[in-house]
Amino acid sequence: MNRRIRKLWIKGLSGSADAYCRLGILFLNGLGCRRDRKLAGLCLRQAAELGSEEGYLLYHKFFSKGKRIIDNDSYVEIYREYERETDEKKRRKLRKYLNLGTKWQKLQIFLAK
């Protein structure tokens, strides 16, 4: 295990959500270590549990395919907020949550237009 990864493990074990998120990305892509999806999932889930928004989004993007992550009412509210928002940075952030929706949720939004 290289030095960078050891330092991230130490920070993660000390409660750093950012360190767990970075570890998850490293293991997911095999950067500086062997590729390990199971370990990546554990790290990203821990990052999400510690409050990392990026960890939450990445965990669900790669490990919750087809599962309903956001309830239907919240999904519709996020979409409405996305439609009202004029700041592109905020729209990008909301789009990440919209991408977590199920096919059914996305279809409902499309049909409601």
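**View 1. Surroundings of Cys43 in the predicted model.** In this predicted model, Cys43 touches Trp9, Tyr20, Leu23, Gly24 and Phe27, leaving aside residues up to four places away in sequence. Cys43 itself lies in helix α3. With a relative accessibility of 2%, Cys43 is classed as buried, because the cut-off for that class is under 20%.

**View 2. Crossing of helices α2 and α3.** Helix α2 spans residues 17–29 and helix α3 spans residues 37–49. Their axes come within 8 Å and cross at roughly 160°, so α2 runs roughly antiparallel to α3. The crossing in which α2 passes α3 is left-handed.

**View 3. Residues in the contact of α2 with α3.** On the α2 side, the contact is made by Ala17, Tyr20, Cys21, Leu23, Gly24, Ile25, Phe27 and Leu28. Helix α3 contributes Arg37, Leu39, Ala40, Cys43, Leu44, Gln46 and Ala47. By residue class, the contact of α2 with α3 comprises twelve nonpolar, two polar and one charged.

**View 4. Cysteine sulfurs of Cys33 and Cys43.** Zero disulfides are found in a search of the whole structure. Cys33 takes part in no disulfide, and the cysteine sulfur nearest to that of Cys33 belongs to Cys43, 9.3 Å away. Cys43 is likewise in no disulfide, with the sulfur of Cys33 as the nearest cysteine sulfur.

**View 5. Separation of Cys43 and Lys90.** Cys43 and Lys90 stand 47 residues apart in sequence. In space, the C-alpha to C-alpha distance between Cys43 and Lys90 is 26 Å.

Notes:
Residues are numbered from 1 along each chain as its sequence is written. This is a predicted model: local features need pLDDT of at least 70, side-chain atom pairs count only at pLDDT 80 or more; totals for chains, interfaces and linings use all residues. Side-chain values use heavy atoms; hydrogens and water are left out. Axes are lines fitted to C-alpha atoms, for helices over the stretch in contact, and angles run from 0 to 180 degrees between N-to-C directions. Helices (H or I, at least four residues) and strands (E, at least two) are DSSP runs, numbered from the N terminus. Angles under 35 degrees count as roughly parallel, over 145 as roughly antiparallel, 65 to 115 as roughly perpendicular and the rest as oblique. A crossing is left-handed if the near helix is turned anticlockwise from the far one by less than a right angle, and right-handed if clockwise. Contact means heavy atoms within 4.5 Å. Ala, Val, Leu, Ile, Met, Phe, Trp, Tyr, Cys and Pro count as nonpolar, Asp, Glu, Lys and Arg as charged, and the others, Gly among them, as polar. Buried means under 20% relative accessible area, exposed over 50%, partly exposed in between (1.4 Å probe, protein chains only). A disulfide is a pair of cysteine sulfur atoms within 2.5 Å.
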